[in-house]
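Student: I would like to learn how the labels used for a structure follow from computed values. Could we go through some of them?

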Amino acid sequence: MQDLLTGLAFFLIIEGLVYALAPRFLIEIAKLLPTVPERQLRVFGLAAIALGVGCVWLLRG
């Protein structure tokens with residue numbers, strides 16, 4: 001449970017940094033999202049999940 005909460009805390013830190021340090025960039029990316037095909041968003045999401053799982057596996061293994 002502690003690992004889950006630590007992961008959530010890191011997520012919040014990184015998310016907060018994006019909002020605090022680059023709000024204009026975030027707004028521009030949000031404007032572009034509707035133009036990106038759904039399939040491409042799905043592929044990038046799955047790739048991010050696989051990369052995250054791989055990193056955790058390497059770090060914990």
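Student: Why does Lys-31 count as exposed?

Tutor: First, this is a predicted model. Lys-31 has a relative accessibility of 56%. Exposed means over 50%, so Lys-31 counts as exposed.

Student: What makes Lys-31 and Glu-28 a salt bridge?

Tutor: The closest N and O atoms of Lys-31 and Glu-28 are 3.7 Å apart. The cut-off is within 4 Å, for a side-chain nitrogen of Lys or Arg and a carboxyl oxygen of Asp or Glu. The pair therefore meets the rule. Both residues lie in helix α2, which covers residues 23-32, and they are 3 residues apart, about one turn of the helix.

Student: Is Glu-28 exposed or partly exposed?

Tutor: Glu-28 is partly exposed, because its relative accessibility is 43% and that label covers values between 20% and 50%.

Student: How many salt bridges does the rule give?

Tutor: The count comes to 3. One of them joins Glu-38 and Arg-42, with the closest N and O atoms 2.5 Å apart. These two residues both lie in helix α3, 4 residues apart, about one turn of the helix. Glu-38 has a relative accessible area of 56%, so with the cut-off at over 50% Glu-38 is exposed.

Student: How do you know that Asp-3 forms a salt bridge with Arg-60?

Tutor: Their closest N and O atoms are 2.2 Å apart, and the rule asks for within 4 Å, so the pair qualifies. This pair links distant parts of the chain: Asp-3 is in helix α1 (residues 2-21), Arg-60 is in helix α3 (residues 38-60), and they are 57 residues apart.

Student: Why are Asp-3 and Arg-60 called exposed?

Tutor: Asp-3 has a relative accessible area of 52%, and Arg-60 has a relative accessibility of 61%. The label needs over 50%, so it applies to Asp-3 and to Arg-60.

Student: Which residues line the largest pocket?

Tutor: The lining consists of Asp-3, Gly-7, Phe-10, Phe-11, Ile-14, Val-56, Leu-59 and Arg-60. The elements that give two or more residues to it are α1 and α3. Helix α1 gives the most, with 5 residues. The pocket has a volume of about 220 Å³.

Student: How do the lining residues divide into nonpolar, polar and charged?

Tutor: They divide into 5 nonpolar, 1 polar and 2 charged. Asp and Arg count as charged, so Asp-3 and Arg-60 of the lining fall in that class. Gly counts as polar, which means that Gly-7 of the lining is placed there.

Student: Which residues form a nonpolar patch on the surface?

Tutor: Met-1, Leu-4, Leu-5, Leu-8, Phe-11 and Leu-12 form it, with about 690 Å² of accessible area together. Residues of a patch need over 30% relative accessible area. Leu-4, in helix α1, has 58%, so Leu-4 passes that cut-off and is also exposed.

Student: What makes Val-53 exposed, whereas Pro-23 is called partly exposed?

Tutor: Val-53, in helix α3, has a relative accessibility of 54%, and exposed means over 50%, so Val-53 gets that label. Pro-23, in helix α2, has a relative accessible area of 40%. That value lies between 20% and 50%, so Pro-23 is partly exposed.

Note on methods. Residues numbered from 1 in each chain as written. Predicted model: local features only at pLDDT ≥ 70, side-chain atom pairs only at ≥ 80, totals over all residues. Heavy atoms only, no water. Buried < 20%, exposed > 50% of the residue type's maximum accessible area, 1.4 Å probe, protein only. 1 Å grid on protein atoms, 1.4 Å probe; cavity = no way out; pocket = protein on both sides within 12 Å on 5 of 7 lines; lining within 4 Å. Points joined across faces, edges and corners; volume = space filled by probe spheres on them. Patch = residues over 30% accessible without salt bridge, like charges linked within 9 Å, V, L, I, M, F, W, Y side chains within 5 Å. Areas by Shrake-Rupley, 256 points an atom, 1.4 Å probe, with all protein chains shown as cover.
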